[in-house]
Amino acid sequence: MGAKQSRASSKDKDPKRLLLMGRRQKFSSWDDTLLLGKDPRSLLKRGMRHVSFSLVTKGMTDIPDFLWGLSEVQKLNLSHNQLLALPPEVGRLTRIVVLNLCGNRLKSLPKEVSLLQSLKVLFLNMNCLAEMPAELSLCRSLEVLSVSHNCLSQLPASFADLSRLRKLNLSNNYFAHIPICVFSLKELDFLHVGSNRLENIAESIQCLASLQIFIAESNNIHSFPRSLCLVTSLELLNLNNNDIQTLPDELYLLRRLGRIAWNPMDKGLHISHNPLSKPLPELVEGGLEMLYSYLKDKKHN
């Protein structure tokens, strides 16, 4: 019995064993794989639908070269690092469906993103982008694009070719107007342009006949355009924190809004924190039906 305990005790004090134990506690599976010289493919996660690879919050300023050899990757998450650039080699990952680059320091994207023909979802939130590459418009499968919290003031005209795009987040940038190319995106059902520098909403908004969610809060919008009332598919319209004083008589056409909404996540009409002229504030407090009735009567009288 004593001999067994002695062997166990000496085994626990073995320097190699202690080193391995320490490594398991200190290093992530990614670090451990590289230290032991394993094939990085061992880190791929093969789910029911996609092959994914994640290097989240590693503090990386550069992407390791081995990644460009993992051609089977379909979902790639490189978010919340310190990446300064996305190299042209990204074009090798032609099977990518979802690419998450949120929370880095990217100032631009390489033109080789045009080679990602399977790309459907692209997250670029919280970077330092001042422009978007026109070549991204060649990713005709793209359905979701989020570029919030960047330094953008315009989009390439070629983005009008992104005919499958359904969700577009341009919030927290420097847009003075909604880019003209956006009005060509007929499949768009979600558009977020909040916290920009908008002073108006172009009449062309009526072209977005599939739009269900439109968020333009925290801008400096002076008027509620009548053309917006023709987007009868709207279920959530958020114009909070603007400079709107009057509402169009045709507002009652937006029947799918359902109610005045106060919670940011709720569907309905969000119109709080605007300098609405009387008697509109009281009518808003009374609910959407009261507001609709007033505007409808006003229109016919």
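**Figure 1. The largest nonpolar core has 82 residues.** Phe214 and Leu291 are the residues with the most contacts inside this core. Strand E2 (51-54), helix H4 (280-286) and helix H5 (288-300) are the elements that give two or more residues to the core. H5 provides the largest share, four residues. The model shown here and in the other views is predicted.

**Figure 2. Leu291 and its contacts.** Which residues does Leu291 touch, once its neighbours within four places in sequence are left aside? They are Leu247, Leu251, Ile260, Leu269, Leu280, Leu283 and Val284. Leu291 is also, with Phe214, one of the residues with the most contacts inside the largest nonpolar core.

**Figure 3. The whole chain in outline.** The protein chain has five helices and 11 strands. Of its 301 residues, 46% are buried. Now take the contacts with a separation of 6 or more: residues 24 or more positions apart account for 33% of them.

**Figure 4. An open sheet of 11 strands.** The strand order is E1-E2-E3-E4-E5-E6-E7-E8-E9-E10-E11, and the pairing is mixed. Which strands stand at the edges? They are strand E1 (45-46) and strand E11 (268-270). Each has a single partner strand, so one side of each is left without a neighbour in the sheet. Strands of a sheet pair through backbone hydrogen bonds, either parallel or antiparallel. The next two views show examples.

**Figure 5. Strand E2 between E1 and E3.** E1 and E2 pair in the antiparallel sense, over two bridges. Here Lys45 stands opposite Ser52 in E2. E2 and strand E3 (residues 75-77) run parallel and are joined by three bridges. In this pair, Ser54 stands opposite Asn77 in E3. In a regular strand the side chains alternate between the two faces of the sheet. Look for two faces in E2: Val51 and Phe53 form the covered one, while Ser52 and Ser54 form the uncovered one.

**Figure 6. Strands E6 and E7 pair in the parallel sense.** Strand E6 covers residues 144-146, and strand E7 covers residues 167-169. Three bridges link them. Leu145 stands opposite Leu168 in E7. The loop between E6 and E7 holds His149. His149 is not a glycine, yet its phi is positive, about 60°. Is His149 buried or partly exposed? It is partly exposed, with a relative accessible area of 40%.

**Figure 7. Ser195, another residue with a positive phi.** Ser195 is a residue other than glycine, and its phi is near 55°. Find Ser195 in the loop between strand E8 (190-192) and E9. Its relative accessible area is 27%, so Ser195 counts as partly exposed.

**Figure 8. The largest pocket.** Rolling a probe the size of a water molecule over the atoms shows where empty space is left. How much space lies in the largest pocket? The volume is about 200 Å³. The lining consists of His192, Ile213, Ile215, Glu217, Leu236, Asn238, Pro264 and Met265. Strand E9 (213-215) and strand E10 (236-238) each supply at least two of the lining residues.

**Figure 9. Gly103 in its loop.** Gly103 lies between strand E4 (98-100) and strand E5 (121-123). Is Gly103 buried or exposed? With a relative accessible area of 16%, Gly103 is buried, because buried means under 20%. Residues up to four places away in sequence are not counted in the next list. Gly103 touches His80, Asn81, Asn125, Met126 and Asn127. Leu78 is 25 residues from Gly103 in sequence. In space, the two are 8.9 Å apart, C-alpha to C-alpha.

Figure 10. Where does Pro279 sit? Its place is in the loop between E11 and H4.

**Figure 11. Cysteines Cys139 and Cys181.** Cys139 has 0% relative accessibility and counts as buried. Cys181 is buried as well, with a relative accessible area of 6%. A disulfide is a covalent bond between the sulfur atoms of two cysteines. How many disulfides does the structure hold? The number is zero.

Technical notes
Residues numbered from 1 in each chain as written. Predicted model: local features only at pLDDT ≥ 70, side-chain atom pairs only at ≥ 80, totals over all residues. Heavy atoms only, no water. Core = buried A, V, L, I, M, F, W, Y, C linked by side-chain atoms within 4.5 Å. Buried < 20%, exposed > 50% of the residue type's maximum accessible area, 1.4 Å probe, protein only. Contact = heavy atoms within 4.5 Å. Disulfide = S-S within 2.5 Å. Pairing = 2+ DSSP bridges. 1 Å grid on protein atoms, 1.4 Å probe; cavity = no way out; pocket = protein on both sides within 12 Å on 5 of 7 lines; lining within 4 Å. Points joined across faces, edges and corners; volume = space filled by probe spheres on them.
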